[in-house]
Every structure is written in C-alpha cells, then in structure tokens.
Amino acid sequence: MIIEIDFNSDEAIYIQLRNQIVMGIATEGLQSGESLPSVRQLANHLGVNMHTVNKAYGILRQEGYLTLDRRKGAVICVQTQEKNKEMEAVYMKLRMTIAQAICKGISKNEMHNLIDQLYDEIINNQEE
C-alpha cells in the first residue's frame, strides 16, 4: 500500500495517515497480521515528524485497527466491539455528515446513491 500525504491539505497529516491506513484495511491492501513500518521508517519515508506518525498509530490503536508490539511494531489487527457499539460510532459520524449534506442542499436520494457508490467502490477495490 502506498501512502501519499498532501502537505497542502487543510486536513492534519496524522489524520490523512490514519484515514489512508483505514482505507487500506477496508480495501484489503493491508491484511490482518501485517506489520506497518516503524514510526521512524514511515516518518523518514513520508518526510514528516516522528510524532505525527506516532499520533496516527496511537489513534489507530485506540480505535481498534492495530496493536503495538515491542518486537513486531505496529501490526494490523482489527478489533471489533459488540456490533451495537460499532453501529453507534458510525451513527454519530454519519449524523454529522448528513446534517452537512442537508445544509448544502443534498437530497436523501442523492445521499443514498452516494453511499451505495462509495460502498461499491471500496468493495470492488478489495478484488483488485
């Protein structure tokens, strides 16, 4: 998986890194049990501060996408809580996204189509 950072983006670098790793897991570009580069290696490769990578890894660990092991480093290990808690977390994120869409005049039907399209894109990327 190739990680690309947009240094001109308004989105924080650690968030970009976190999001790309989550997308890599969703599209199966990153597999369970796979080790990520060390904080130092990834920071050097991307040209960012080690604390930035460390923060992204810390968030991913808190969210249950990876574990940190002294010997193996950061390892992909998606841990799911009970489904109700996962659904609640997704609900809260989608709630704000839908509120923003309503404010911008995006219809319910357009949102449904967009979600279907995105879901299909991610699933189809698993097969490539």
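Which backbone oxygen lies 3.0 Å from a polar atom of the side chain of Gln16? In this predicted model, the atom in question is the backbone oxygen of Glu11. The chain has 128 residues, and its secondary structure comes to five helices and two strands. The points below begin with the overall architecture and then turn to individual residues.

**Overall architecture**

- From the N terminus on, the elements follow the order α-α-α-β-β-α-α.
- The C-alpha trace spans about 50 × 35 × 30 Å along its principal axes.
- The accessible surface of the chain amounts to about 9600 Å², and carbon and sulfur atoms account for 51% of that area.
- Of the 128 residues, 24% are buried.
- Among contacts with a separation of 6 or more, 47% are between residues 24 or more positions apart.

**Nonpolar core**

- The largest nonpolar core consists of 19 residues, and those with the most contacts inside it are Leu17, Ile21, Leu36 and Tyr57.
- Helix H1, helix H2 (39-46), helix H3 (50-62) and strand E2 (73-76) each contribute at least two residues to this core.
- Beyond residues up to four places away in sequence, Ile21 touches Met1, Ile3, Leu30, Leu36, Tyr57, Leu60 and Ile76.

**Gln16 in helix H1**

- Gln16 lies in helix H1, and its relative accessible area is 5%. Gln16 therefore counts as buried, since this value is under 20%.
- Leaving aside residues up to four places away in sequence, the residues touched by Gln16 are Glu4, Ile5, Asp6, Ser9 and Glu11.

**Arg18 in helix H1**

- Arg18 is also found in helix H1, which covers residues 13-26.
- The relative accessible area of Arg18 is 12%; because this is under 20%, Arg18 is classed as buried.
- The side chain of Arg18 makes a polar contact of 2.8 Å with the side chain of Asn19.
- With residues up to four places away in sequence set aside, Arg18 touches Ala56, Ile59, Leu60, Glu63, Tyr65 and Lys93.
- Tyr65, one of these contacts, is 47 residues from Arg18 along the chain, and the two C-alpha atoms are separated by 9.7 Å.

**Aromatic rings and charge**

- The charged end of Lys55 sits over the ring of Tyr14, at 4.2 Å from the ring centre.
- The count of aromatic pairs comes to zero.

**Loop residues**

- Glu28 is found in the loop between H1 and H2. At 42% relative accessibility, Glu28 counts as partly exposed.
- Most residues other than glycine have a negative phi. Glu28, although not a glycine, has a positive phi of about 65°.
- Gln79 is placed in the loop between E2 and H4, and with a relative accessible area of 42% Gln79 is partly exposed.
- Apart from residues up to four places away in sequence, Gln79 touches Gly64, Thr67 and Glu86.
- Gln79 and Leu66 are 13 residues apart in sequence, and their C-alpha atoms are 7.9 Å apart in space.

- Ile98 lies in helix H4, residues 83-103. The relative accessibility of Ile98 is 37%, so this residue counts as partly exposed.
- Ile98 and Met111 are 13 residues apart in sequence, with a C-alpha to C-alpha distance of 7.9 Å.
- Asn125 is found in helix H5, residues 108-127, and is partly exposed at a relative accessible area of 34%.
- Asn125 and Gly24 are 101 residues apart in sequence, while their C-alpha atoms are 9.6 Å apart in space.

Note on methods: Residues are numbered from 1 along each chain as its sequence is written. This is a predicted model: local features need pLDDT of at least 70, side-chain atom pairs count only at pLDDT 80 or more; totals for chains, interfaces and linings use all residues. Side-chain values use heavy atoms; hydrogens and water are left out. Helices (H or I, at least four residues) and strands (E, at least two) are DSSP runs, numbered from the N terminus. Buried means under 20% relative accessible area, exposed over 50%, partly exposed in between (1.4 Å probe, protein chains only). Contact means heavy atoms within 4.5 Å. A polar contact is a pair of N or O atoms within 3.5 Å; within protein, one must be able to donate a hydrogen and the other to accept it, and residues adjacent in sequence count only if both atoms are side-chain atoms. Rings of Phe, Tyr and Trp (its six-membered ring) pair if their centres lie within 6.5 Å; planes under 30 degrees apart count as stacked, over 60 as edge-to-face and the rest as tilted. A charge sits over a ring if NZ of Lys or CZ of Arg is within 6 Å of the ring centre and within 35 degrees of the ring normal. Accessible areas come from the Shrake-Rupley method with a 1.4 Å probe; for residues, only the protein chains shown count as cover. A nonpolar core is a set of buried Ala, Val, Leu, Ile, Met, Phe, Trp, Tyr and Cys residues joined through side-chain atoms within 4.5 Å.
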